[in-house]
Amino acid sequence: SFFSSSPPPPEPLTPFQDFLYLGGEFLSSVIFGRKDSYPQSRADLLPIPTGHDFLIFLYCSVACFAFSWGVRGLVVEPFARRILPVPTKKKVEKFAQASMEMIMYALFFYFGYKVYLPQPWVWPSSMWWAGFPELHHDMDPDYKFFYILYAGRYAAGYVSVWCEHKRKDFVEMQVHHSVTVVLVLASYSSSYNRVGGAVMFLLDCADPPLHVAKQFKYMSTDKKDWPQFMADRWFEIFAVCFIISRNFLYPYCCWSALIESKRHLTPGLDWRICNALLQVLLVLQFYWTSLIFIAVYKQMKNGGIEDIRSDDEDEEEQE
């Protein structure tokens, strides 16, 4: 009524307004820290309608694609032309690709550190399933946006791979990106978001050192110069992080999803789909681990690490 002291309920937001509002709150939280008043924010008073989730995912995909190629074209490629000793077109493209992948993986690892790790159910792994599904439907607003943004980032990555020079593991990368998108969206819709957060956090930690190693590799002109030395050291850091996170910790997540989860829920079709996709990613981790051992062998034999997932340098010069 006219004399009522209670404020009128807020009007529903459009999907794009939801994207802008939740994205702004998310960035504010990861940069400046979570505000005490955030639990009473409009995002909590008006949960994302079910029909809005997929549209927000599409907006996130476009935003990640635009950010990646915008920063690459305006900042990274001009920088590459200045810093590379022999700035051929292919070298600039490869350096820019490695730089943007380093930035994206580092950003999302940082996002996970700020948004995923503070959750009260991070450990032990039994907490990933306790109270399922009743306690799993309501996600923290920042964590919810991070989850959708993660799927959008890999959807953008799937498209970006088609725009890049073809690597030797082009098919494997496309399988990885497409499986990741489907897995994130399926686990989100099925409320398997706790184990999903653990998987996302683990799969991002090793990649930044790899792409830093690639940047130094593309700067090198001799197997004994300082960029090659730095490339070798960063690759060694990557190899240790990759083997621990992808061959020990990630399989534990797969075990928890496949075995431990049965103590708290009755497996259904969504459970089978998510576990099948987790196993596909596990096979890819073992495949990429084999490439690491091949690269280490070449490093010991030839005195310098090579990017064995990319086209050969001799082929590059002939094009």
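Two rings of Phe, Tyr or Trp (its six-membered ring) are counted as a pair when their centres lie within 6.5 Å. By that rule, a search of the whole structure, which is a predicted model, turns up 31 aromatic pairs.

**A stacked pair: Phe109 and Phe201**
- The ring centres of Phe109 and Phe201 are 4.8 Å apart and their planes meet at 20 degrees, so this pair is stacked; the cut-off for stacking is under 30 degrees.
- Phe109 belongs to helix α4 (residues 89-115) and Phe201 to helix α7 (residues 193-204), so the contact ties together parts that are 92 residues apart in sequence.
- Phe109 is partly exposed, at a relative accessible area of 29%, whereas Phe201 is buried, at 17%.

**A tilted pair: Tyr147 and Tyr188**
- With ring centres 6.0 Å apart and planes at 35 degrees, Tyr147 and Tyr188 form a tilted pair, because that angle falls between the limits of 30 degrees for stacked and 60 for edge-to-face.
- This pair also links distant parts of the chain: Tyr147 sits in helix α5 (residues 141-163) and Tyr188 in helix α6 (residues 170-189), 41 residues apart.
- Tyr147 is buried, with a relative accessible area of 1%, and Tyr188 counts as buried too, at 13%.

**Charges over rings**
- Arg153 places its charged end over the ring of Tyr150, 5.2 Å from the ring centre.
- Over the face of Phe229 lies Arg233, at 4.7 Å from the centre of the ring.

**Helix α1**
- Helix α1 (residues 15-32) has 18 residues, which at 1.5 Å a residue should span 26 Å; the end C-alpha atoms are 25 Å apart, so the two values agree.

**How α6 meets α10**
- Helix α6, the one that holds Tyr188, packs with helix α10 (residues 269-302) at an angle of about 150 degrees, their axes 10 Å apart.
- This makes α6 roughly antiparallel to α10, because angles over 145 degrees count as such.
- The crossing of α6 and α10 is left-handed.

Terms used. Residues are numbered from 1 along each chain as its sequence is written. This is a predicted model: local features need pLDDT of at least 70, side-chain atom pairs count only at pLDDT 80 or more; totals for chains, interfaces and linings use all residues. Side-chain values use heavy atoms; hydrogens and water are left out. Helices (H or I, at least four residues) and strands (E, at least two) are DSSP runs, numbered from the N terminus. Buried means under 20% relative accessible area, exposed over 50%, partly exposed in between (1.4 Å probe, protein chains only). A charge sits over a ring if NZ of Lys or CZ of Arg is within 6 Å of the ring centre and within 35 degrees of the ring normal. The expected span of a helix is 1.5 Å times one less than its number of residues. Axes are lines fitted to C-alpha atoms, for helices over the stretch in contact, and angles run from 0 to 180 degrees between N-to-C directions. Angles under 35 degrees count as roughly parallel, over 145 as roughly antiparallel, 65 to 115 as roughly perpendicular and the rest as oblique. A crossing is left-handed if the near helix is turned anticlockwise from the far one by less than a right angle, and right-handed if clockwise.
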